[in-house]
2 protein chains.
Amino acid sequence: MSPNSGSPVLTPDQQETWFAYMRVMLRLSHEMNRQLQTDSDLSLPDFDVLNALADSPGGRLQLTGLATRLAWERSRLSHHLQRMSARGLVERSPSATDRRATDAVLTDAGRAALTAATPGHAELVRRMFFDGLDPALLPALRTALEQVHEQVLTHGTLPRPGRPQGRLPGLEPEA
Amino acid sequence: MSPNSGSPVLTPDQQETWFAYMRVMLRLSHEMNRQLQTDSDLSLPDFDVLNALADSPGGRLQLTGLATRLAWERSRLSHHLQRMSARGLVERSPSATDRRATDAVLTDAGRAALTAATPGHAELVRRMFFDGLDPALLPALRTALEQVHEQVLTHGTLPRPGRPQGRLPGLEPEA
DNA sequence: GGAAGCTACATGACATGTCACCCAATTCGG
DNA sequence: CCGAATTGGGTGACATGTCATGTAGCTTCC
């Protein structure tokens, strides 16, 4: 127990950085939700799910893996997939390797919805995020975010995404 | 996986930066929620509201101003304040200047809850965000985030928050 | 091989957020 | 001053997210 570490204080610079982060995150979330909803009839969570699936081989992913990747509760994912499958965007199909597991699979309609929504979303991201950013700061921003990401993975409560969890610690970090 | 590079959207570097941002935001939100909930019996939205009020003169703020500051829908704020006031954390009081307006006012209990919750939250932020960050990158990160914030304010759909551009959801230095 | 315990999910009750629409006070144009 | 338009806010129905719990398949170990 170090005498001082009990009451952690952020430096003024850190505080301002943190406030800026929170402000950006709140407003950006709002704008993304709004744009997706009105232009593509998708919520941001819908979009995240579609993206994660489209990025996976065969457009399919086991629920636990998908939940970890999205940092969602599994029950949330379960409910959400039920609603998305009711809309025809995804399907549930039993896993080939584990009979208690379920895979979420992107349907053609889901892929089409994603394809239709992506340009508008990317455009928004460019306009809201990158157009106001000094290009000289981009590499530093990227590195900083990747460092924070690694930190959250290492010290956070969520398992590391990607492959099976529960492996021995000491694996090299990856971006 | 991007055969039609005809879309003039994001450069590869921008894409990776964006993905890193989204990953950080998802996991960080999860961790903050979890920590506040288990340690202080507050949700992150609760905490944001308390912080915004505590940062305002008299611990009071008109609903529209508060909603704008938090990037919330007004009806959401209305419902949320109803629940928070049922828990004794805030009160509603009619505005002095405009008889249709309502102010949200921090109660003593609300201020106490905030004071109790802040150190743990700050500790989490330090551990998850800043401890893994190369200090040399901090200034660039801060500037980048401030540029993005300005961009979202300028080109976003939300009105610019009130002049007292004080702190947003976050934490106070605490003495 | 079979009970104990873990893991993968589903589900129902309940908390939270959104949308459409409501009313009252204020403002504005005659 | 009168009435329409605007602004500040509340509300109820419904969409979404969380928590506690239930069930089935896998795994371990004797």
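Predicted model: local features only at pLDDT ≥ 70, side-chain atom pairs only at ≥ 80, totals over all residues.
Modeller: Local features need pLDDT of at least 70 and side-chain atom pairs pLDDT 80 or more, while totals for chains, interfaces and linings use all residues. Residues count from 1 along each chain as its sequence is written, chains are lettered from A and ligands numbered from 1 in the order in which they are written, and side-chain values use heavy atoms, without hydrogens and water.

Biologist: Glad to have that. What makes a residue one of the 22 around DNA strand C?

Modeller: A residue is near the strand if one of its heavy atoms lies within 4 Å of it. Of the 22, Gln62(A), Thr64(A), Ser78(A), Arg92(A) and Arg100(A) come nearest.

Biologist: Why is the approach of Gln62(A) to a phosphate oxygen of DNA strand C called a polar contact?

Modeller: A polar contact is a pair of N or O atoms within 3.5 Å; within protein, one must be able to donate a hydrogen and the other to accept it, and residues adjacent in sequence count only if both atoms are side-chain atoms. A polar side-chain atom of Gln62(A) lies 3.4 Å from the phosphate oxygen, so the pair qualifies. Leu63(A) uses a backbone N or O atom instead, 3.1 Å from a phosphate oxygen.

Biologist: Which part of DNA strand C does the side chain of His79(B) approach?

Modeller: A base oxygen, 3.0 Å from an N or O atom of that side chain.

Biologist: How do you know that Asp13(B) and Arg142(A) form a salt bridge?

Modeller: The term asks for a side-chain nitrogen of Lys or Arg within 4 Å of a carboxyl oxygen of Asp or Glu. Here the N to O distance is 2.5 Å, so the pair passes. There are 2 salt bridges between chain B and chain A, and 12 residue pairs in polar contact, both residues at pLDDT 80 or more.

Biologist: What makes a residue part of the contact between the two chains?

Modeller: Having heavy atoms within 4.5 Å of the other chain. That takes in 71 residues from chain B and 65 residues from chain A.

Biologist: And what does "buried" mean in the area between chain B and chain A?

Modeller: It is the accessible area (1.4 Å probe) that two parts lose on being put together, summed over both. The value here is about 7000 Å², with 69% from carbon and sulfur atoms. In chain B, Trp18(B), Tyr21(B) and Arg27(B) lose the most area to chain A, together 11% of what that side buries.
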